[in-house]
Amino acid sequence: MLNTISVDVEDYFHPSEVQAFVDSSAWEDLPPRVEDATRRVLDLFARHNARGTFFILGWVARRHPALLRDIAAAGHEIACHSYAHRLVYELTPVEFREDTQLAQQVIADACGLLPRAYRAPSYSVTERSLWALEILAELGFTHDSSIYPIRHDRYGIPGFGLHARLVSTPSGPIMEVPAATVRLPSGRLCPVGGGAYLRLLPYRYTAAGIRRVNDDEKRSACLYFHPWELDAGQPRLARGLLARALQHELDHLQGVLLVDRMPAVKRISLAGQLRRLQATSRARSG
Ligand SMILES: [Zn+2]
């Protein structure tokens with residue numbers, strides 16, 4: 001069973017939690033770390049002969065075009081993580097279209113590849129921004145991975161469905177690939193695909209969750225992390241104990257564990273080609 005490993009390529013000052021403390025007008029003045037951090041991810045993947053899907057922020061693509069070329073040259077899928085990391089449900093459809101088109105353009109300018117897969121900042125395609133899928137299909141995206149099928153204060157569509165499936169829109173179908181979740185015996189749905197759970201809980205929790213998705217549900221799991229999760233030297237921008245813990249404090253260890261120890265879990269191949277994975281899980285379930 002192949003699972004999807006994906007990387008949201010953004011700098012340490014881009015996450016929504018940090019934007020409460022650092023205005024986007026200050027981004028230009030902060031020391032960039034995304035290129036070095038992403039190159040560490042590329043090295044890890046190369047060591048394990050892994051292929052991933054890299055959802056790249058347009059803002060990063062504009063400033064680090066050589067990085068995009070190297071990601072593509074290493075055989076990874078080039079995908080889109082918006083231009084300015086703004087939450088989709090805080091944009092109008094017109095603003096969302098503009099942001100997405102700009103991201104497509106700068107990514108294509110940087111590496112010559114037009115992204116076909118999209119991931120919204122902070123999984124911000126929710127009930128109130130589901131209109132985004134139609135715009136993505138219209139702009140030529142074939143895959144989207146912007147919906148977390150859980151309840152969370154900032155994102156999530158509880159009951160959306162746990163596995164990849166085609167969603168119909170007036171502009172055509174788009175394959176939605178949710179982040180991996182596991183249903184506990186209590187019925188509660190828990191995220192295992194990434195985020196604070198991945199950073200803060202022991203690695204064996206993630207590994208057991210992936211085994212459950214693969215073995216019990218016969219489906220592949222979609223995982224994600226960020227280059228800054230492997231970057232222990234980044235400046236601490238978020239204030240407050242909880243914000244810091246969720247954002248940066250423990251992340252480094254778990255990020256390294258995730259990538260380094262994945263091959264030890266035999267069922268996991270690090271492979272990110274969403275289309276190929278979908279074909280695999282269809283063949284398995286069919
Ligand atoms: Zn992001």
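The structure is a predicted model. The chain has 286 residues, of which 48% count as buried. Its secondary structure comprises eleven helices and eleven strands. Among contacts between residues at least 6 apart in sequence, 75% join residues at least 24 apart.

**The nonpolar core**

- The largest nonpolar core holds 64 residues, and within it Ile56, Leu68 and Ile107 touch the most other members.
- Helix H5, residues 93–111, supplies the largest share of this core, with six residues.
- Leu68 touches Ile56, Ala61, Ile78, Ile107, Ala110 and Cys111, when residues up to four places away in sequence are left out of the count.
- As a general background, nonpolar side chains tend to be buried together in soluble globular proteins.

**Helix H5 and its surroundings**

- H5 consists of 19 residues and spans 27 Å from its first C-alpha to its last, close to the 27 Å expected at 1.5 Å a residue.
- The buried residues of H5 are Phe96, Thr100, Ala103, Gln104, Val106, Ile107, Ala110 and Cys111.
- The elements that cover these buried residues include strand E2 (53–56), helix H3 (58–63), H4, strand E3 (77–80) and helix H6 (131–138).
- Just after H5, Gly112 adopts a positive phi of about 80°.

**Packing of H4 against H5**

- Helix H4, residues 65–73, packs on H5 at an angle of about 75°, and the two axes are 8 Å apart.
- Angles of 65 to 115 degrees count as roughly perpendicular, and H4 and H5 are therefore roughly perpendicular to each other.
- On the H4 side, the contact involves Pro65, Leu68, Arg69 and Ala72, which meet Ile107, Ala110 and Cys111 of H5.
- By residue class, the contact of H4 with H5 divides into six nonpolar, no polar and one charged.
- Leu68 and Ile107 take part in this contact, and both are also among the core residues that touch the most other members.

- His85 lies in the loop between E3 and H5.
- The phi of His85 is near 55°, a positive value in a residue other than glycine.
- His85 counts as buried because 26 other C-beta atoms lie within 10 Å, where the cut-off for a buried residue is 20 or more.
- Ser122 is placed in the loop between strand E4 (117–118) and H6.
- Although Ser122 is not a glycine, its phi is positive, at about 50°.
- Ser122 is likewise buried, because 22 other C-beta atoms are found within 10 Å.

**Glu176 in strand E7**

- Glu176 belongs to strand E7, which covers residues 174–176.
- This charged residue is buried, because it has 22 other C-beta atoms within 10 Å.
- With residues up to four places away in sequence not counted, Glu176 touches Asp144, Ile147, Ala164, Arg165 and Val167.
- Glu176 and Ser145 are 31 residues apart in sequence, yet their C-alpha atoms are 5.7 Å apart in space.

Methods
Residues are numbered from 1 along each chain as its sequence is written. This is a predicted model: local features need pLDDT of at least 70, side-chain atom pairs count only at pLDDT 80 or more; totals for chains, interfaces and linings use all residues. A nonpolar core is a set of buried Ala, Val, Leu, Ile, Met, Phe, Trp, Tyr and Cys residues joined through C-beta atoms within 7 Å. A residue is buried if 20 or more other C-beta atoms lie within 10 Å of its own, exposed if 12 or fewer, and partly exposed in between; C-beta atoms are placed from the backbone. Helices (H or I, at least four residues) and strands (E, at least two) are DSSP runs, numbered from the N terminus. Two residues are in contact if their C-beta atoms, placed from the backbone, lie within 7 Å. Axes are lines fitted to C-alpha atoms, for helices over the stretch in contact, and angles run from 0 to 180 degrees between N-to-C directions. Angles under 35 degrees count as roughly parallel, over 145 as roughly antiparallel, 65 to 115 as roughly perpendicular and the rest as oblique. The expected span of a helix is 1.5 Å times one less than its number of residues.
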